[in-house]
Amino acid sequence: MRVMTLPALLAWREGAQWTALPAHELTATLRGLLLHDVTMAGLQELRFPEEKPLLRGQDVAELENSDTFLLAVDTDWKEHDIETPYGLLHVVIRGSPKGNRPAILTYHDVGLNHKLCFNTFFNFEDMQEITKHFVVCHVDAPGQQVGASQFPQGYQFPSLEQLAAMLPSVVQHFGFKYVIGIGVGAGAYVLAKFALIFPDLVEGLVLMNIDPNGKGWIDWAATKLSGLTSTLPDTVLSHLFSQEELVNNTELVQSYRQQIGNVVNQANLQLFWNMYNSRRDLDINRPGTVPNAKTLRCPVMLVVGDNAPAEDGVVECNSKLDPTTTTFLKMADSGGLPQVTQPGKLTEAFKYFLQGMGYMPSASMTRLARSRTASLTSASSVDGSRPQACTHSESSEGLGQVNHTMEVSC
């Protein structure tokens with residue numbers, strides 16, 4: 001299985017334990033099912049520490065500050081409304097195409113927009129080392145951007161397949177040759193569908209909290225019941241955060257509750273929420289498991305928090321992808337929004353992902369990597385110290401065997 005570059009492997013140390021989180025409490029009650037055991041032959045768990053916690057205290061206070069939480073630090077972001085076959089699409093872009101390098105294109109989760117979903121991550125100090133090398137393009141789902149007008153009565157919100165089919169218009173408008181996508185939740189599903197339909201336009205994908213499965217009737221009933229007993233922001237929060245986070249991390253949750261209720265148009269959000277819960281299964285299968293199997297052809301990094309409601313879906317998605325081009329990162333202490341609660345870890349993982357694709361080979365280590373490198377043991381031997389792409393070459397015999405997994409834990 002393809003993994004990250006040599007410095008990343010040197011920096012991690014073994015010792016994490018695989019844990020399975022329960023599914024959403026309401027859905028689990030209706031199902032009355034136990035979580036399936038996940039057999040991971042030859043599972044290799046890797047862990048590294050974070051320099052400081054990002055869940056509470058001053059960091060959460062900064063999230064609640066609208067200047068940090070909503071407004072981009074940079075002044076060179078430009079907004080565009082782009083015509084697509086399924087209506088206008090609001091896009092925010094910084095920079096211009098840099099030679100043959102792909103653009104970084106993001107797609108947010110339901111209940112959020114590009115600011116609520118990605119500002120903390122893209123404004124993180126160490127992320128600037130990456131973004132200076134790429135043009136960054138944030139896509140807002142229709143009607144979800146700040147200040148969006150309410151859709152007229154009877155408006156038909158695009159399906160997730162149609163949302164994916166809107167993206168080539170963005171690529172063509174800006175003259176991108178291809179993109180590296182970063183998606184969260186519903187946005188991860190859209191980008192995965194985009195890569196399946198238009199594989200030549202996608203060079204790599206970072207998919208956080210992706211659920212490749214459509215809603216069954218029990219899930220549908222749970223969603224309907226939740227909608228009758230909860231406000232829309234609270235219903236969305238149960239999608240974004242685990243029950244443990246909703247109970248324990250009250251400052252962060254309350255901040256998002258206020259932003260979702262005040263920043264995103266509620267009628268438009270309801271349409272997006274309904275469409276996400278009407279999605280079909282993502283049509284992917286591991287190569288060789290079924291005839292003419294479809295899968296993502298580009299390198300993929302799957303990311304999920306160890307306390308995230310989407311963990312089961314991400315694990316299943318991992319089992320359906322090509323193990324030679326897929327990296328699975330399970331991040332400790334990050335919950336449902338790893339890009340918000342652990343931007344340092346995610347930034348470093350993303351940088352190594354890019355280096356594995358041949359970009360930024362001479363990029364310096366982050367502060368996190370430097371702090372880890374100082375305490376490395378001699379458990380592994382290396383040939384030279386120059387950063388280079390590294391491939392996980394452990395063999396896997398038999399089609400039913402689960403691929404090796406990269407797990408980031410604390």
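Predicted model: local features only at pLDDT ≥ 70, side-chain atom pairs only at ≥ 80, totals over all residues.
## Helices H7 and H8

Helix H7 spans residues 160–174, and helix H8 spans residues 186–197. Their axes come within 8 Å. They cross at roughly 65 degrees. Angles of 65 to 115 degrees count as roughly perpendicular, so H7 and H8 fall in that class. The crossing of the two helices is right-handed.

On the H7 side, the contact is made by Leu160, Glu161, Leu163, Ala164, Leu167, Pro168 and Val171. On the H8 side, Tyr189, Val190, Leu191, Lys193 and Phe194 meet them. By class, the residues of this contact divide into ten nonpolar and two charged, with no polar ones.

The structure holds eight salt bridges. One of them pairs Glu161 with Arg280. Their closest N and O atoms are 3.6 Å apart. Glu161 lies in helix H7, while Arg280 lies in the loop between helix H13 (266–276) and strand E9 (300–305). The pair therefore ties together parts that are 119 residues apart in sequence. Glu161 is also among the H7 residues that meet H8.

Asp211 forms a salt bridge with Arg279. Here the closest N and O atoms are 3.2 Å apart. Asp211 lies in the loop between strand E8 (202–208) and helix H9 (217–229), and Arg279 lies in the loop between H13 and E9, so this pair ties together parts that are 68 residues apart in sequence. Asp211 counts as partly exposed, at 22% relative accessibility. Arg279 is buried, with a relative accessible area of 7%.

Glu316 has 30% relative accessibility and counts as partly exposed. Lys320 has 17% relative accessibility. Buried means under 20%, so Lys320 counts as buried.

## Summary

H7 meets H8 at a right-handed crossing. Arg279 forms a salt bridge with Asp211.

Technical notes
Residues numbered from 1 in each chain as written. Heavy atoms only, no water. Axes fitted to C-alpha atoms, helices over the stretch in contact; angles between N-to-C directions. Helix = DSSP H or I, 4+ residues; strand = E, 2+ residues; numbered from the N terminus. Parallel < 35°, antiparallel > 145°, perpendicular 65-115°, else oblique. Left-handed = near helix turned anticlockwise from the far one by under 90°. Contact = heavy atoms within 4.5 Å. Nonpolar A, V, L, I, M, F, W, Y, C, P; charged D, E, K, R; others polar. Salt bridge = Lys/Arg side-chain N within 4 Å of Asp/Glu carboxyl O. Buried < 20%, exposed > 50% of the residue type's maximum accessible area, 1.4 Å probe, protein only.
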